[in-house]
Amino acid sequence: MQYRTLGRTGFEVSEIGYGAWGIGKQMWRGADDSESLRALHLAVDRGLNFIDTALVYGDGHSERLIGEFLPERSERIYVATKVPPANFQWPARGSLPEVFPERHIRESTETSLRNLKLERIDLQQLHVWNPDWLGQDDWHRTLEDLRSSGKVSWFGVSVNDHQPESAVALVRSGQVDTVQVIYNVFDQKPEEDLFPACREQNVGVIVRVPFDEGALTGAITPETTFPKKDWRNHYFKGDRKEQVHRRVRKLEQLLGDEAKTLPELALRFCLHDPAVSTVIPGMRSPDHVESNTAVSDQPPLSPGLIEKLRAHRWEKNFYP
């Protein structure tokens, strides 16, 4: 496992981190707690030391499972979590007092600390961000106070889906230590303005959705079905599975000696940009852990292959 510095936090984090949304079980059907715990243990055995979760994942279930897991390990494991919007609107909607009032930030942080069985959260994040809030400092003062009181070490924001430009001014303001953003072969937009701003301000970058919710693994075909109440039934509704399948078949033509599988290609694309600190694929099984963590031992993709991947950029938004 290779490690990168998470911006000004100084944390040396594994470049493959653990995205813990799926182990919350509520929206991703089929997760099993015992298998999730085995996956977490194997991930740390493989050198992973960064876990990203959120209070809203399974209504705290993901955090509580991690809280059960952490005391069983002696390694230094960095834990990031998130404060959900008080009005439960994704992407961000409403005024700052409606979405992140001071009391809500504090109560959410205290709940996460109890769930995780920690005295201090390494990285606390706001789960949405609206650029209209820039200049309204209540949220920032609250998080600074939580840092001063020893409840939080560093803080950042999770950027709205497919809107990396919405956090550029925030990064340049110097008010956050990290940003979490969608970045993958299809959505390459963060490279334009957000990543340069993060490099200038020494802000850590956490990349989420490297597989486009499974599309870039090659596992989605027009015949794919998901369990009842699994949120992917919405994400891949209508003819979206067909659209994905058509584009991924073209990507498969780039596989060869340099990258042998689509998941490997997808993760190594995310890691090619030096602004990226860590990539957090969801890993609900030991098999996923084994294959994803192995990517860190591979050399960077060649400039020639990166250039070919540029042609696969796809402007879309399947979340609405």
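Mentor: Trp129 has a relative accessibility of 0%, so Trp129 counts as buried. The model is a predicted one. Trp133 is also buried, because its relative accessibility is 2% and the limit for that class is under 20%. Trp129 and Trp133 form an aromatic pair, with 5.5 Å from centre to centre and 90° between the planes, an edge-to-face arrangement. A further edge-to-face pair is made by Trp314 and Phe318, whose ring centres are 5.7 Å apart and whose planes stand at 85°. Trp314 is buried at a relative accessible area of 9%, and Phe318 is buried at 4%. The structure holds 17 aromatic pairs. Ring pairs also build a cluster, in which Trp314 and Phe318 are linked with Trp21, Tyr57, Phe186, Phe226, Trp231, Tyr235, Phe236 and Tyr319.

Rolling a probe the size of a water molecule over the atoms shows where empty space is left.

Among the lining residues are Gln2, Arg4, Glu15, Arg268, Leu271 and His272. Val295, Ser296, Gln298, Pro299, Pro300 and Leu301 line this pocket as well.

Next comes the nonpolar interior. In soluble globular proteins, nonpolar side chains tend to be buried together. The largest nonpolar core here has 88 residues, and those that touch the most other members are Tyr18, Ile51, Phe100, Leu126, Trp139, Val179 and Leu309. Helix 10, residues 262–271, gives the most to this core, with seven residues. A second, separate core has nine residues, including Phe50, Tyr78, Leu123 and Ile280.

Leaving out residues up to four places away in sequence, Leu126 touches Val83, Phe100, Ile105, Trp139, Leu143, Gly156, Val157 and Ser158. Phe100 and Trp139, both in that set of contacts, are themselves listed with Leu126 among the core residues that touch the most other members.

Helix 2 can be read for burial as a whole element. Residues 61–69 make up this helix, and seven of its nine residues are buried. Those seven are His61, Ser62, Glu63, Leu65, Ile66, Gly67 and Phe69. The cover over them includes helix 1 (33–45), strand 4 (50–52), strand 5 and helix 4 (102–116).

Most residues other than glycine have a negative phi, and most peptide bonds are trans. Trp90 and Pro91 are joined by a cis peptide bond, with omega about -5°. Pro91 sits in the loop between strand 5 (78–83) and helix 3 (96–99).

Asn202 has a phi of about 55° and lies in the loop between helix 7 (194–201) and strand 9 (204–208). Asn202 counts as partly exposed because its relative accessibility is 43%. Glu213 likewise has a positive phi near 55°, but with a relative accessibility of 10% Glu213 counts as buried. The loop that holds Glu213 runs between strand 9 and helix 8 (232–235).

Ile220 is placed in the loop between strand 9 and helix 8 too. Its relative accessibility is 6%, so Ile220 counts as buried. Beyond four places along the sequence, Ile220 touches Gly214, Ala215, Phe226, Phe236, Lys241, Val244 and His245. Two of these contacts, Phe226 and Phe236, lead back to the cluster of linked rings that holds Trp314 and Phe318. Ile220 and Asn160 are 60 residues apart in sequence, and their C-alpha atoms lie 24 Å apart in space.

Note on methods: Residues numbered from 1 in each chain as written. Predicted model: local features only at pLDDT ≥ 70, side-chain atom pairs only at ≥ 80, totals over all residues. Heavy atoms only, no water. 1 Å grid on protein atoms, 1.4 Å probe; cavity = no way out; pocket = protein on both sides within 12 Å on 5 of 7 lines; lining within 4 Å. Core = buried A, V, L, I, M, F, W, Y, C linked by side-chain atoms within 4.5 Å. Buried < 20%, exposed > 50% of the residue type's maximum accessible area, 1.4 Å probe, protein only. Helix = DSSP H or I, 4+ residues; strand = E, 2+ residues; numbered from the N terminus. Contact = heavy atoms within 4.5 Å. Phe/Tyr/Trp six-rings, centres within 6.5 Å; stacked < 30°, edge-to-face > 60°.
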